[in-house]
Amino acid sequence: MMNYFRLFLYFLKEGAIGIIRHKTLHLFAIFIVSLSLFVLGFSRYVTFNINSVLELWEKSLEARVILKEGITPKDIEKTINFLKKQDFVEETKLITPDEALQLLEKISPSIKSVPFRENENPLPYSIAVKIKKPFSQERIKSFVEEAKMRGEIDEVVLDWQWLEKLKTYSKFLAFLGWLLFVALGISSLFTVTAITRIIALSRKEEIAILYSLGATSSAIRGPFVTSGTIVGFLSSVISIVFLLFVHIMLKHFIADTVILNILSKNFLSLSDQMILLLVGSAMGGAGGFLSLGSIHDWKYGHFK
Amino acid sequence: MIRFYHVTKIYKSKNYALQDITITIHPREFCFLTGPSGAGKSTFLKLALGEETPSSGQVLVAGRNLQTITHSEFPYFRRKIATVFQDFRLILSRTVFENITMLLALQGYSQSEMRKRAFDVLRLVGLQSRMEAFPEELSRGEQQRVAIARALISKPHLLLADEPTGNLDPELAHEIMRIFQEINATGTTVVVATHDKSLITAFSGRVIVLAKGKLIDSGE
């Protein structure tokens, strides 16, 4: 056990020495790997935020029943009673035109600059209907048809239509992120492999000597795999730091619209950060492993 | 220690490097392998090391038939056989200590154990005070002695030396040969390939003569 630990420390030392000796090449590898990890991280970041908003919306799924202009309090009460009788309705809340305007101003502050005539609020009365889960889309569709027939209801706006659309966009975005990551990941893997091979070729005498002394292939590969892993790990850390920078910029300096606010609400989860660290390290390690090819090709005189 | 049974080696150029060699080198023997350039001395050593495979025949070293050794077993087999070459094969960017303990480091030995073993083998070759020097700070004779120390650190059963004195002046060559004899006295089988007749006459040992790939004299 102690021997393995010492061997690990030796690989770590040799890997670090290898990186320091070939700084420029390794910096290039770090840049390429960081870039692909940043793409993966950013798509995870965006989808993570969209999904957390979608989860919140799903928890408080609402239909908004817009009432006709000039509706009387009696008709409002009648409509509320009608809604409460529906089997899918969990809760109703009347929203006055003033409350609606306040909400609108909260979502879009620029509305404040719109010159309304004094005491005139163009927004209608509406009723927010919280829907019980699970719900049947067919049942709600038939309710919408029924509601439209009633004289006091102007329109029924449903959250779940948006929700479904956003879910599709989110899935597509995640897929696109992975696709880009796979493409960039492959190029990163080749970059690490090629760079480590160049370095290995510059140390071919050393490898051949180790081979002739009786070093096992894993022992010969060890320092190269370790330096690849270090490159991958550093790249992951850099991409996470850069993602954090982008997150802070978005959240505090750029996000002045609802969409950007949603996209920059939370930073990557800890598990996503761990995934990035693992993926980066594994990618670097794999590059280091692949770089030497077959160890038996490294014997003395093979490379002239 | 080494057994060749009807070993023939033909290279791609269709030249016979060795032709039907049958010979046995016994444990604890001190042998010279001699002959003019192109006699097949290096091929003989490469076959014994497992670096080359025979075109026909069988090679047995330290009780193993080299044709049955797998890739994964090969490094462990090589640790039993030490090699010393004319060109020393030292890593110039590493100190004497690092050069000779490289294999031990890869086996997870502790620093103190590596220091102790390095000191022991360096004392044998008279270089215990140059542990932290770099190869380029050493003379050619000293560099060869470092290569010998490196060969001995994993306590091999067999030492194969390919023209180990080829780059050295006669005085240094004799010094290296004396070290080989000391190593042989500790029980290690030593095979020295050389075309230097003065060394063969100056030091006692079995003399195996090759010429144009054929065994002229087995020395027995």
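Met2(A) is partly exposed, with 49% of its relative accessible area showing; that class sits between buried, under 20%, and exposed, over 50%, using a 1.4 Å probe and protein chains only. Its place is in helix H1 of chain A, residues 2-21, where helices (H or I, at least four residues) and strands (E, at least two) are DSSP runs numbered from the N terminus. Together with Phe5(A), Phe8(A), Leu9(A) and Leu12(A), Met2(A) makes a nonpolar surface patch of about 470 Å². A patch takes residues with over 30% relative accessible area and no salt bridge, joining nonpolar side chains (Val, Leu, Ile, Met, Phe, Trp, Tyr) within 5 Å and like charges within 9 Å. The areas themselves come from the Shrake-Rupley method with a 1.4 Å probe, and for residues only the protein chains shown count as cover. As a reminder about helices, an α-helix has 3.6 residues a turn, so residues three or four places apart point the same way.

Before going on, some ground rules: this is a predicted model, so local features need pLDDT of at least 70 and side-chain atom pairs count only at pLDDT 80 or more, while totals for chains, interfaces and linings use all residues. Residues are numbered from 1 along each chain as its sequence is written, chains are lettered from A and ligands numbered from 1 in the order in which they are written, and side-chain values use heavy atoms, with hydrogens and water left out.

Now to helix H6 of chain A, residues 159-202, which holds Ser170(A). At 3% relative accessibility, Ser170(A) is buried. Setting aside neighbours within four places in sequence, Ser170(A) touches Thr47(A), Ile50(A) and Asn51(A), contact being heavy atoms within 4.5 Å.

Helix H8 of chain A (residues 217-254) is worth a look for its line. Its 38 residues reach 52 Å from first C-alpha to last, close to the 56 Å expected at 1.5 Å a residue; the expected span is 1.5 Å times one less than the number of residues. There's a kink of about 35° centred on Pro223(A), the bend being the angle between axes fitted to the seven residues ending there and the seven starting there.

On to charges. Over all chains there are 20 salt bridges, each a side-chain nitrogen of Lys or Arg within 4 Å of a carboxyl oxygen of Asp or Glu. One of them pairs Arg94(B) with Glu206(A), closest N and O atoms 2.9 Å apart. This pair crosses between chains, from the loop between strand S6 (81-85) and helix H3 (96-106) of chain B to helix H7 (residues 204-213) of chain A. Arg94(B) and Glu206(A) are both buried.

Within chain B, Glu220(B) bridges to Arg206(B) at 3.9 Å between the closest N and O atoms. Glu220(B) lies in the segment after strand S10 (214-217) and Arg206(B) in strand S9 (residues 206-211), so the pair ties together parts 14 residues apart in sequence. Glu220(B) is exposed at 67% relative accessibility, whereas Arg206(B) is buried at 8%. Back at the chain crossing, salt bridges with shared partners join Glu14(A), Arg203(A), Glu206(A) and Arg94(B) into one network.
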